[in-house]
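Biologist: Please take a close look at one part of this model for me: the places where its pieces meet. I'd like to hear what touches what.

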Amino acid sequence: MQHVLWLIPFLPVLGFAVLVVFGHRMGRRTIAVIGAAPAGAAAAVAIATAVSFLVAPPATHAYDQVMWTWFRIGAFAPRIAFHLDPLSLVMTLVVTFVGFLILLYSTRFMRGDEGYRRFFAYMDLFIASMLILVLAGDFLFLLVGWEGVGLSSFLLIGFWYRERANGAAARKAFIVTRVGDTALLVGLLLIFTKLGTLDIQGAMAAAQSQWAQGAAVATAAALLLMGGAIGKSAQLPLQTWLPDAMAGPTPVSALIHAATMVTAGVYLIARTHVLFELSPTARLVVAVIGAATLLYAGVSALAQNDIKRALAYSTISQIGYMFLALGVAAWSAAVFHFLTHAFFKALLFLSAGLVIKAMDEEHDIRKMGGLRRDIPVVFRLFLIGAAALSALPLVTAGFFSKDLIVDLALTSVHGGVWLWLAGVVGALLTSLYSFRLVFLVFFGERRGSAPVATRFPRLVVWPMVALAAGSVVLGWIELPVHWHGWSLFTDFMASALPVPGIRAGGLLDAIAVTLIPAIVSVAGVYLAWVLFGRRRPAVAGSLVTRPGFRWLAGAALAGWGFDRLYHVALVRPFLWLAHHGQRDWIDRLVSGIAGPAAALGGLLRRTQDGRLRYYLAAAALGIVVFVAVGLLR
Amino acid sequence: MSLVFLLAIPFAGGIVAWVAARWSAAACRWVALASAVAGLGLAVGLWAQHYHMWGAAVPSRSIYVEPVPFFSELDVPWIPQAGIRLHLAADGLSLVMLMLTFVIVAVAVLASWRGVRRRAGLFHFMLLWAAASLAGVFMAFDLFLFYFFFELMLIPFFLLVVLWGHEGRRRAAIKFFIYTQAGGLLMLISIVGLYFIHGRQTGTYTFDYLQLVNSGISGWTGRLLMLGFFAAFAVKLPAVPLHGWLPDAHSQANTAGSVLLAGLLIKVGAYGFLRFLIPLFPQAASDIRYIAMGLGVAGILYGAVMAFSQTDLKRMVAYTSVSHMGFVLLGVFAWNQIALQGVILQIVCHAFSTGGLFILAGVLEERLGTRDIGGMGGLWARLSTLGGFGMFLVMAALGLPGLGNFVAESLILLGTFSVSRPAAIVGSLGLIVSTIYALWLVQRVFHGPGGESKPGTPARLAPREILMFVVAIVVLLWLGLYPQTLIRTTDAATGSLLRTAPAMQSPEPGSSATEAQP
Amino acid sequence: MSAVDPVYALGLAGVLFVLGLLGVLVRRNIIFVLASIEIMVNAAGLAFLAAGARWGQADGQVMFVFILAMAAAEVAVGLALALRIRRRFNTLDVDDLRKLKD
Amino acid sequence: MSDAHLLVLSPYIALAATAVVVMLTTAFYHRHLLLAGLTATGLAATFACVLVAGAEDRRATALLRMNDVSLYFIGLLVVVALAVVALSYGYLGRTERRFGDFYTLLTLGALGGAVLAASAHFASLFLGLEVLSVSLYGLIAYPRRRPQAVEAAFKYLVLAAVTSAMLLFGMALVYAVSGTMLLDKVASAGAGLAGWEAAAYKAGLALVFAGVGFKLALVPFHMWTPDVYQGGPAPVIAFLAAASKAAVFVVLLQSLAPLDPQRGGVLVVVLSVVAYASMLAGNLLALFQQNLKRLLAYSSIAQLGYLVVAVVSSGAAGGARGAGTVAVAFYLTIYALALLAAFGVIAVLAHAEGEPEALSQYRGLGHRRPALALVLSVSLLSLAGMPLTAGFIGKFFIFRAGAGAAQWGLLVVFALTSAMSLYYYLRVIITMYRLEVAPYAAALATSPGGMSAGRRAADRVAVAALVLLTASTLLLGVYPPVLLRLIEHAASVFR
């Protein structure tokens with residue numbers, strides 16, 4: 001199966017090309033087929049590869065396929081090469097499978113839109129770039145996927161380009177991620193200069209052998225790569241673009257800004273885990289950023305009134321969890337949470353999409369309510385998603401993956417109590433805001449106008465059911481550590497990602513580790529019921545009115561002022577510089593010498609006023625000067 | 001002998017085109033196109049003939065002892081009284097530039113197929129005269145002959161801007177002419193100074209490049225002579241403080257003029273740095289290496305910020321050239337194999353991406369009647385194919401990986417990193433700033449609420465317009481995915497250039513790594 | 001035989017020369033300008049005579065003869081032009097000749 | 001006077017004979033074609049004599065020194081005179097009725113210039129200068145009906161007279177002190193003097209330099225140039241600008257040649273200052289000039305500044321003497337060609353009421369008279385030093401001479417000012433190729449229509465002369481060794 005790897009990314013590229021070149025002559029049905037089919041085919045190929053990988057695992061635990069040498073200058077010869085190891089396999093499966101489902105969903109969801117062809121072309125471009133990103137064997141080739149994903153997210157966020165605000169959101173997304181990409185590029189420069197190669201596996205092996213544990217250069221390289229990851233995965237401090245990215249169509253938000261692209265950072269850090277093992281400080285920074293982000297995003301999600309922005313903040317928070325896992329060297333736990341998160345977050349977004357369509361493009365949850373009876377199917381699906389998100393014990397996949405992270409945050413050799421505490425508080429916040437959404441949207445009496453559409457076509461619902469099944473069942477492949485059950489996922493990933501050391505803890509630790517997060521998530525649900533469920537009890541009302549709380553809610557709503565900070569600190573000076581510099585000061589300075597020349601010319605010309613006697617006077621003066629010079633020298 | 005034909009074909013073609021204009025404008029256009037394509041054919045023939053010779057790993061031999069990587073030289077005395085010879089030669093680098101010249105001229109002829117009505121004959125004569133003098137510059141291996149073509153180029157470009165430009169053309173043309181001429185004359189002082197100093201040192205008074213190379217003039221005289229060359233090439237490149245002429249000239253020239261200016265004229269500056277400045281004065285060049293790299297980085301950032309703030313589409317694209325050429329300056333003074341290959345790749349890719357953007361601006365101006373991007377917007381709805389091409393070209397200018405510009409810029413940054421880390425890091429900031437102006441261009445021109453196009457202009461793109469864009473796209477994709485053909489062509493040339501300037505030699509990135517190569 | 005020391009003769013010629021130069025600069029009437037020019041030229045002639053006398057060569061006097069001829073030619077043309085100026089501009093004031101200027 | 005002497009002096013004899021014959025025929029048969037023809041044949045004969053004369057550095061009588069350099073410049077003078085005759089044939093036909101005196105004065109002027117070019121003695125210097133000046137007074141004032149001509153002539157006369165008086169007084173002082181009047185001895189005679197004699201000698205040299213400076217219109221003495229160029233008739237001004245400056249320059253060159261650099265230190269410094277001032281003033285004054293003739297006047301001041309750079313380079317310590325002379329000879333030739341062509345175009349466009357001076361009158365000339373526009377463009381580009389024109393090679397040789405003598409300061413100012421000069425040269429070219437036609441120029445275009453066949457023939461001669469000048473400028477630009485071989489041989493005199 002080695003030599004079929006190139007087919008996986010090639011099919012969506014083919015779809016993109018066909019749609020771009022021949023798209024305008026196709027009907028809606030053919031566009032839908034050509035748009036969705038490649039993702040499905042790629043999924044099929046991926047599954048086939050997975051099967052052959054599991055049945056007859058290759059000796060090196062990875063499939064490698066070199067297409068051609070990109071170019072060769074002296075010793076530097078980067079290659080267009082694919083590398084499939086368990087990590088890439090999981091990523092590929094998720095991208096293709098979830099991508100296919102979302103494309104199926106959007107064939108009907110986007111039916112009314114006039115940019116139908118453009119939508120599917122961009123989605124195919126995105127899937128192709130994401131696949132290149134996860135399958136690339138060479139850092140430069142990875143960059144092709146990395147920026148391709150950035151480009152397609154820019155195109156899709158700004159899909160409804162007539163609206164200037166969407167364009168601004170798209171630009172903001174691409175520019176902020178580009179800041180991260182620059183850090184990544186500088187990291188690659190450092191790696192190449194020090195290790196002489198940009199082949200990922202080669203570089204990692206060379207790093208292992210040449211760099212000492214905790215070496216400054218390893219830390220620098222790791223931090224730079226982390227910079228790129230933070231930009232793409234919208235972690236602190238580069239997270240301001242994701243909430244605005246909700247300006248794009250909902251399937252886009254589901255696929256790109258929930259399931260796949262935003263986790264590219266997690267993949268990158270997992271892929272280069274050798275660097276992070278070499279420098280504990282870098283790993284600690286990742287953990288701290290993860291913890292801080294999950295708390296920050298959790299609180300912000302609580303205050304959002306737009307259903308999609310709430311989910312966006314929730315995504316940032318969940319990726320915070322993955323960064324936390326990476327920070328404590330629980331590599332496979334992070335990937336596992338990525339897997340489950342992809343399913344239930346996509347489900348939440350798709351159902352939110354249906355809710356918005358039902359409420360005639362209304363995003364504000366304060367104008368919704370009591371939709372339980374109007375759109376029961378969507379309600380149940382949303383409920384499953386929300387449950388998985390808040391990791392209700394045993395019933396949902398979220399429980400297994402998130403609690404594994406919280407568990408390892410404490411018990412891992414590199415873990416810490418503070419990190420664990422952040423995880424637990426985060427769990428509380430997560431269940432609080434997810435069920436706040438459920439109660440405000442589906443329970444209580446109807447606040448806004450009546451729902452417009454209540455029945456949805458099968459092609460829209462079936463993919464969501466599949467996702468729902470995934471977000472329930474998937475958890476069981478990895479039982480919590482202390483259950484001493486099977487851990488299929490970690491074993492499968494062992495060849496690509498090392499298993500973290502576990503600190504020996506007593507029975508008390510075991511109980512604390514497993515029970516507390518479960519209790520906390522259920523408590524969160526009850527608290528949400530108390531605050532938002534029943535018909536406006538006095539407690540909730542009084543809480544809101546107190547001034548301190550109102551300021552807190554306002555700040556949370558605005559994402560803690562990061563946006564305003566960046567605007568004042570960076571955007572405004574840049575605009576001021578550009579505005580005042582429009583007339584190119586340096587050019588005016590340099591070609592300014594023409595001014596005095598002209599003035600001098602004008603002055604001299606006044607001496608030519610036609611009077612003969614002045615000419616003679618000048619000549620006489622000249623003589624006097626010459627004679628004087630002659631005499632003196 | 002075939003090198004002379006590379007000069008003769010465009011000159012003769014120009015005259016025939018001018019004469020043919022008597023009968024019909026179309027005739028002179030076809031003649032012009034034919035001569036450009038013929039020149040290209042000859043250049044490609046030469047390239048194919050010598051392609052197998054290169055690529056072999058050139059072992060490091062002493063300077064110019066091994067067979068000089070030049071070929072089919074012409075060496076005839078021109079002004080014996082002053083020791084000036086008509087010395088034409090070409091190596092991999094010159095050949096790449098020659099092929100680029102003829103392709104861009106052919107595209108320029110296509111670009112002005114409809115645009116130029118008045119005096120079409122004279123227009124094509126100027127176009128081909130410019131092509132001939134450019135070809136001359138890239139083949140001249142006698143310093144005076146190089147200066148002769150360097151100055152000869154000015155007149156056709158000046159007239160192209162003056163006679164067929166837009167409203168502010170006269171002031172812009174004169175500014176362009178004086179900037180370049182002042183730089184050129186300072187270079188003449190250096191050339192003649194070098195001629196005498198080398199003559200006194202070695203007794204042979206000559207302008208021949210091969211003998212003057214690495215003449216080992218160090219100290220302040222070397223630096224002053226080098227500064228003369230630096231002035232001329234920094235104006236041409238353009239490097240930041242001396243770039244004033246570029247935005248005016250580019251925005252006032254017509255489409256073909258801008259394509260030629262952006263595609264070829266500024267490349268002479270880059271070629272001059274590679275071929276003349278550093279090999280002739282290695283010691284002096286290494287003295288100012290970090291200042292020059294600083295200028296390069298300043299160019300990258302300043303050009304990008306200025307591009308963002310423009311309201312005239314052509315001025316905006318012109319400033320992007322300032323930014324991209326900042327990378328070239330950075331790469332040239334990093335002076336190792338990777339950086340030089342990056343510079344050559346950047347030269348070629350920039351010609352196509354910026355040339356394409358100027359053609360786009362020209363097409364837009366025909367249809368919208370204005371260059372002010374305030375009045376544009378919402379074009380995607382009306383001309384989606386043009387939107388597609390425009391998006392591709394903007395992404396190329398942005399340095400999107402998978403396209404030629406990305407490979408070039410990353411090679412330059414890779415090469416620079418091992419020489420000066422801060423320069424590479426600040427240089428890579430250029431990626432962010434170029435994203436800002438590129439997306440700003442897309443936002444104002446393609447997206448946003450729709451403006452309306454001039455009545456009577458064709459809504460769909462004409463086939464020749466599509467052909468031009470397709471040429472640019474194919475080349476950018478080809479150089480993005482498989483640049484090895486270009487790199488192999490210039491491999492021997494860059495190798496010999498590196499050997500000519502040992503004083504400038506910098507560590508090859510990656511070579512410092514021990515042999516733990518997988 | 002040179003009774004007079006050449007320095008005095010040259011001194012006198014110098015004084016005459018400067019007077020002529022001042023005359024040209026100060027006087028506004030064309031006739032006086034031409035007259036002052038004559039003075040300057042004759043001063044030069046006197047200087048030549050003194051020089052010739054000092055070295056006892058005839059060259060000085062030969063030059064003086066040439067100078068006389070030249071002075072005559074110049075003044076003749078000058079006066080002719082003065083007549084044309086009087087008829088054309090009906091003025092003899094040098095400062096009125098100001099049509100040709102920047 | 002052996003026959004060899006006669007052969008050496010044959011050019012002068014031919015010139016003088018032509019002058020006399022033309023003067024006589026004017027009295028009897030006053031027909032324009034005859035007079036012009038006679039003058040042309042006379043000049044052609046002189047040119048033949050120059051070719052034959054081929055002297056080796058012989059001193060013909062005390063006054064003249066006939067060597068290849070002086071013969072070369074006499075040849076140049078005669079060619080310039082021939083061109084002026086061709087140009088003025090048409091010009092006079094349109095504007096005047098009396099022709100004879102013009103050609104007499106022109107030939108006499110040429111004779112004066114020739115004497116000046118070969119002069120080795122104060123007397124011949126003075127005589128040549130005066131014959132040339134007096135004939136120029138007459139030529140400048142020739143167009144009777146135009147008031148500017150009279151004003152220009154008078155200004156030129158007064159200034160020339162004053163400066164020739166200075167020249168004379170300077171010569172007298174030098175003679176009084178050094179006892180010799182031979183140029184090559186004078187330059188080196190100042191060594192053994194002391195006290196008042198040394199002072200007198202230096203003052204004398206300064207005064208001589210003033211006289212020469214005036215004729216070359218170098219900076220302190222340049223103020224007359226624009227007025228005279230504007231007022232005088234175009235062919236005469238061409239002769240004035242090209243011939244008289246060339247002749248005077250040769251004297252400067254010949255007398256500076258034997259100068260040993262140490263002694264000449266002060267003179268080189270003075271010349272450098274004058275060069276700087278001329279280059280800057282000439283270009284700055286011309287920047288915003290709206291009158292073409294005044295613009296050409298200012299540009300000629302700047303061009304002379306460039307020439308002085310070459311002279312300084314050849315005179316300065318360590319200067320490659322040969323390189324300097326070659327540079328001067330070559331640049332003078334192409335400067336003469338360019339100015340002749342420029343003023344020739346003005347002459348051809350002139351008609352009874354006057355000459356087209358304001359730039360606005362040249363708007364759209366490129367479309368109405370493309371040939372003339374091309375001639376003017378090529379001459380301006382040659383003055384600007386653009387490739388393909390002889391000016392490019394000329395400028396290069398000055399650079400080469402300057403670099404040889406390590407005159408870096410002069411070269412940098414030379415480079416920057418000639419870059420600045422592009423501004424006004426290009427403005428003229430742009431004006432000619434603009435589209436909209438100025439009202440006056442429109443009238444201009446139609447005027448030649450009504451002329452008689454004879455007059456139109458005269459024009460054709462002038463245009464032929466212009467085309468020949470332009471062709472030679474382009475030829476020298478592409479393949480300069482044609483002229484360089486000739487000059488190289490002449491310059492060998494100084495090796």
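Modeller: Let's say that a contact means heavy atoms within 4.5 Å. By that rule, the meeting of chain C with chain D involves 42 residues of chain C and 44 residues of chain D. Keep in mind that this is a predicted model, where local features need pLDDT of at least 70, side-chain atom pairs count only at pLDDT 80 or more, and totals for chains, interfaces and linings use all residues. Residues are numbered from 1 along each chain as its sequence is written, chains are lettered from A and ligands numbered from 1 in the order in which they are written, and side-chain values use heavy atoms, with hydrogens and water left out.

Chains C and D bury about 3800 Å² between them, and 76% of that is on carbon and sulfur atoms (buried area is the accessible area, with a 1.4 Å probe, that two parts lose on being put together, summed over both). On the chain C side, C:Glu74, C:Arg84 and C:Leu100 provide 18% of the area buried against chain D, more than any other three residues. Chains C and D share 1 salt bridge (a side-chain nitrogen of Lys or Arg within 4 Å of a carboxyl oxygen of Asp or Glu). D:Glu197 pairs with C:Arg54 in a salt bridge, with the closest N and O atoms 2.4 Å apart.

Over at chains A and B, the tally is 53 residues from chain A and 68 residues from chain B. Of the 5 pairs of chains that touch, A and B have the most contacts. They bury about 5300 Å² between them, 70% of it on carbon and sulfur atoms. A:Ile73, A:Tyr161 and A:Arg178 lose the most area on the chain A side, together 13% of what that side buries. The salt-bridge count between chains A and B is 0. As for chains B and C, no contact joins them, and their closest C-alpha atoms are 24 Å apart.

Inside chain A there's a helix pair to look at too (helices are DSSP runs of H or I, at least four residues, numbered from the N terminus). Helix 16 (residues 376-389) and helix 19 (residues 458-473) of chain A have axes that come within 10 Å and cross at roughly 30 degrees (axes are lines fitted to C-alpha atoms over the stretch in contact, with angles from 0 to 180 degrees between N-to-C directions). So helix 16 of chain A is roughly parallel to helix 19 of chain A, a label for angles under 35 degrees. The contact includes A:Leu381 and A:Ile384 of helix 16 of chain A, and A:Met464 and A:Val465 of helix 19 of chain A.

Methods:
Helix = DSSP H or I, 4+ residues; strand = E, 2+ residues; numbered from the N terminus. Parallel < 35°, antiparallel > 145°, perpendicular 65-115°, else oblique.
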